[in-house]
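Open the model in a viewer and keep the selection tool at hand. The tour goes from stop to stop, saying what to select and what is found there.

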Amino acid sequence: MNLFTQAIFSGLMTGAVYALLGVGLVLVYRTARVLNLAHGEAFAMSGIVIALLSSAGVPLWASIPAAVLVSMLLMTCLHAFILRPRSAWPAGTLILITLGAAFVARGVMILLVGTDPISFPAIFDGPPIRLAGGVLTQQGAVLVVLGFVATASVGVFLTRTQVGRQMLATAENPFAAELLGVNVERARLFAYAVGALFSALAGVLLIPLFAVDFQTGLAMTMRGFIAASIAGMSPTGVLISGFGLGLFEAMVGAYFGALAQDPVMFAILIAVALWQSGKVRFGGGARA
Amino acid sequence: MTPRHLIIAAACAVAVVLPYLGILPGWTPAIATVSAFMALSLIGLNLVFGVTGMLAFGQAAFVALPGYFSGMLQNAGVPFFAAVAVGLAGSVLVARIMAAIFVRLPGIYFAIGTLGFAFVVEGLARAFPSLTGGASGLILEMPFALTRNGWYAVAVVALALALASYAWLVRGAFLRTLKIVRHDELAASVIGIDVVRVKSRAFTIASIYSGAGGLLLAYHVGVLAPESGGVNTSLEALAMVIIGGAGTIFGPLLGTAVVQWLFAVSGEAERFELLVYGLGFLLVVLYLPTGLAGGLGRIGARFLAPVRAAQAPASADGAPPARMDASGICLNVKGASKAFGGLRAVDDISFDVKFGQIVALIGPNGAGKSTLFNIVSGIEPPTAGAVSLLERDMAGVAVHERSKDIGRSFQVPRLASNLSVIENVMSRLDSLPGKMTEREKEAAARAHLSAFGLGELADLPMSQIGIGQHKLIELARASIGAPSLLLLDEPAVGFTPAEIERLVALLEMLRAQGRAILVVEHNVDFVARVADEIVVMESGRMIARDKPAEIMTNEAVRRAYLGALA
Amino acid sequence: MTAALSARALCGGYGRLVVFRDLGLDLQPGQTVGILGPNGAGKTTILKTLAGALPAAQGRVLLGDTDVTALPAYHRARAGLSLVPEGRHILGTLSVLDNLKLTRAVEKYRTDLEPFETRLAEVFEMFPRLGERQRQLGGSLSGGEQQMLAIARALIIRPQVLMLDEPTQGLAPIIVQQLAEMLATLKGRFAMIVVEQNQAFLERLTDKIYQIQNGAIR
């Protein structure tokens, strides 16, 4: 068993998740101008819904779409009913609202499944791939491919399709976009839905390998945020930053132990924040 | 003692003996003790989050750290009192260091950064069981024991001390400063507040309260678990502050008491705990932003006479400040340029403004006037050229450092809605060198407002003032404390002819005092009346600089800007 | 004849601040009208309210026969009411061509439009500089070119009513002249409102000029 190769495989898997989460976070941030701290809850929710349904005997092919739909529904409702009517509120308060939503989601999860981590069977459970001294489960491989393809396709989608361009326009200048006939509200809703979809899919694939509990959502949001901010909130950059982050974290875990991962990630976050904030004045984004 | 004070005193007395009265089921001395310690630490979170508006999402870390430090020191043989003192000091030191890093970050990064810090603290506490007891927690022992009532007495005294010290620390100028920083950091800088330093100070002071409460709670319970410094606890703390009323003095107490009592009374429904916290948090943020304390305050206000009766202060006779003793050039701009990428917003502009002179800056939208203003204020550094104020080169001088000599008003007034009119005006005096007492500042602000004809508005909260008055109030704030240079950005926008007359009179008064005034305006009539000299900008360049009469007939200016309006 | 655009007792502003009151307007098809006034007088607020970017406090806006007062801006754009906003608001991170392609959002709602390629070719003929730079990013164009792009974006959807907010703002006099000539060739095709501080520009272009002072039109 080659430690290095195994770390690479592990890193690719988590990197795929960070990329998927990060790109959704960026989409929502750019189109709706809200940093959604409840973003990672879609990841955790989908896992918990599937686990509940599975233990009630519902087959995977039914519970997975149901879970994905539930996640997407929750996120779009958060936007439509809670955030959108208050879009003129100060940015800090909106972040607080999303934090409140994440909090409620955590509470619901404890109610549903308690505090212990849970999981459910993998979809792809064939023989694992053995390569260069490392082992990669089939499910893991699918996750990596999905992460790569989905994140890369977002960039293409945004620049080459009509709907994508409408989202870019909404992100850059909602006023101008609306004057051109773009339904900016629908563009935003779409951003939330896609973000939730990616998070849910990431959950569907990763959770069977690593389990989930009520804390996972916020932890994932944080990782997604780090990936997004390293990429400068650019949807296309998240592909690189997400996978890069995953690989780096896996290396740290492999050579310094799993407990070193959180502090290292935190240090990276601070470094990125300091770097990014050099571009913003007044420590709060206040502009003249 | 006003009726309000009597009622508060009575309520406090009842609150203290309440656990022994037995009228409130579930509110035992034990619960009350724990609540009191929690409330103590929440005073800190309230200061950072409620008053100063910083999104501190990981404050529990500073609640748990002193206990961990102290416990570890005790295990290493350090005697109790020394361990506790060093533990608290150590935690405050960590907070000070974190503040230096975090406070410069924009809101989102600060939020995620503090959240991450709590993650890390909890993770570290779990990771080293030999030092911290790991997941089962660190056992904390005291060299003496306290009875249940003894602990309660300690709790009441500690909380009372904390509240008293808080009320003493956070008042007057410091409180005003914090409120302005919360409301608008740019306006704060322009008045002279060093935003980074103020936030850092608030963060550090907060950690003292967080840590003190945390220490007392930890030793009371006897065990310190890793979760108590982690994300969940931080979020729960935030919920209690919000529910109680963020930014109010009694908010943390109310929030803690209500939430802890509800949990005590509802019994074993531990599964619902997080959900209840979350719902309370969300519902209050969405529908009742001032929390319970705010709600109670509003009810109370209806039954009690307003605290602030119209007090007649000593002087306040509207006498304008004495004439400034200066002449010559106040502001000198030489070759100033500012490029954003390929776009030259300001291109080689040179002019000066003398004491006792009004210079107006006119030009079409997009000509670069606001950018030039920002360069003079220090908000944007020029890519070329120099700005000197009072013959001192301003390169590298921060916005808040220039404010002693520059008073600035904005196109859209930036007044703090969470302060009264007079507090807004006084706030500029808070940051000026030289010590004025509160009374002196208040008297000066009142006199100044009267000179502007705004005397009766002085004690009203800003939120009750119509938008039409905002510009004049901002002008009053900008001009108090005798700054040498006034930068006024479109002061006449939206004014009726009568209001413009008033503004002209005020500017003439300020000019007569010897100030240098630079005005950006579109109202050509107004400018022609009031300005001694007009500078015309177009596409970043200065195309004319002359007396009003000459400018009005200048061909180039007419073509570029005036059209046939003159 | 039904007016192309009319306003009845229209009041608008920002929240509690009422900028204009009791505005009545009747713009005939093919008519070109100017609104002259200094900054702060309310010109932009009026146009934004007519376009739907700001909600009206009171009163009605009619596009032809239809009452559009309750409709959001993108809906009115689809119905043929086009605003070229002050400051142009070009999407800097998209190319010239993509800026124009964005307008295709209205195609589903209009049965009378020729194919996009035809209209695009026509627009490039009117503004050859845009055709040359069609792959360039909007943010890299000069002020005059951005103004052309903003107008092209509005024209390409064959508006019934075109509103221009300070089109000469920040433009060099020679470009202003070109702009006036180009707009003059479009006169009569649709109803046009031009809001400006530049009286000479309006005098050359419009049939009638209204003055605006403190939110009231004379």
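Which ring does the charged end of B:Arg414 sit over? Select B:Arg414 together with B:Phe410: the charged end sits over the ring of B:Phe410, 5.1 Å from its centre. Bear in mind on this and every later stop that the model is predicted.

Next, select C:Lys48 and A:Phe175. Here C:Lys48 lies over the face of A:Phe175, with 5.1 Å to the ring centre.

**Aromatic rings**

Now display the aromatic side chains. Over all chains, the structure holds 19 aromatic pairs. Start with A:Phe103 and B:Phe281, an edge-to-face pair whose centres are 5.7 Å apart and whose planes are at 70°. This pair crosses between chains: A:Phe103 belongs to helix H4 (residues 91-113) of chain A, and B:Phe281 to helix H13 (residues 273-287) of chain B. Both A:Phe103 and B:Phe281 are buried.

Move to B:Phe80 and B:Phe144. Their ring centres are 5.9 Å apart and their planes stand at 90°, so this pair is edge-to-face. B:Phe80 is in helix H4 (residues 80-102) of chain B, while B:Phe144 is in the loop between strand E1 (138-139) and helix H7 (148-169) of chain B, so the pair ties together parts 64 residues apart in sequence. B:Phe80 is buried, at 11% relative accessible area, whereas B:Phe144 counts as partly exposed because its relative accessibility is 37%.

To finish with the rings, select A:Phe266, B:Phe62, B:Phe102, B:Phe110, B:Phe117 and B:Phe203, which form one aromatic cluster.

**A buried arginine**

Select B:Arg402, in helix H16 (residues 399-402) of chain B. B:Arg402 is buried but has no salt bridge. How far away is the nearest side chain of opposite charge? That side chain is B:Glu401, 7.2 Å away. The side chain of B:Arg402 does reach the backbone oxygen of B:Val376, at 2.9 Å. A polar atom of that side chain also lies 3.0 Å from the backbone oxygen of B:Val397. Leaving aside neighbours within four places in sequence, the contacts of B:Arg402 include B:Ile375, B:Ser377, B:Gly378 and B:Met394.

**A loop residue**

Last, select B:Ile480, in the loop between helix H19 (467-479) and strand E9 (485-489) of chain B. Is B:Ile480 buried or exposed? B:Ile480 counts as buried because its relative accessibility is 4%. Beyond its neighbours within four places in sequence, B:Ile480 is in contact with B:Val425, B:Arg428, B:Leu429, B:Ala444, B:Ala445 and B:His448.

Notes: Residues numbered from 1 in each chain as written. Chains lettered and ligands numbered in written order. Predicted model: local features only at pLDDT ≥ 70, side-chain atom pairs only at ≥ 80, totals over all residues. Heavy atoms only, no water. Helix = DSSP H or I, 4+ residues; strand = E, 2+ residues; numbered from the N terminus. Buried < 20%, exposed > 50% of the residue type's maximum accessible area, 1.4 Å probe, protein only. Lys, Arg positive; Asp, Glu negative; His and termini not counted. Salt bridge = Lys/Arg side-chain N within 4 Å of Asp/Glu carboxyl O. Polar contact = N/O pair within 3.5 Å; in protein donor to acceptor, adjacent residues only side chain to side chain. Contact = heavy atoms within 4.5 Å. Phe/Tyr/Trp six-rings, centres within 6.5 Å; stacked < 30°, edge-to-face > 60°. Lys NZ or Arg CZ within 6 Å of the ring centre and 35° of its normal.
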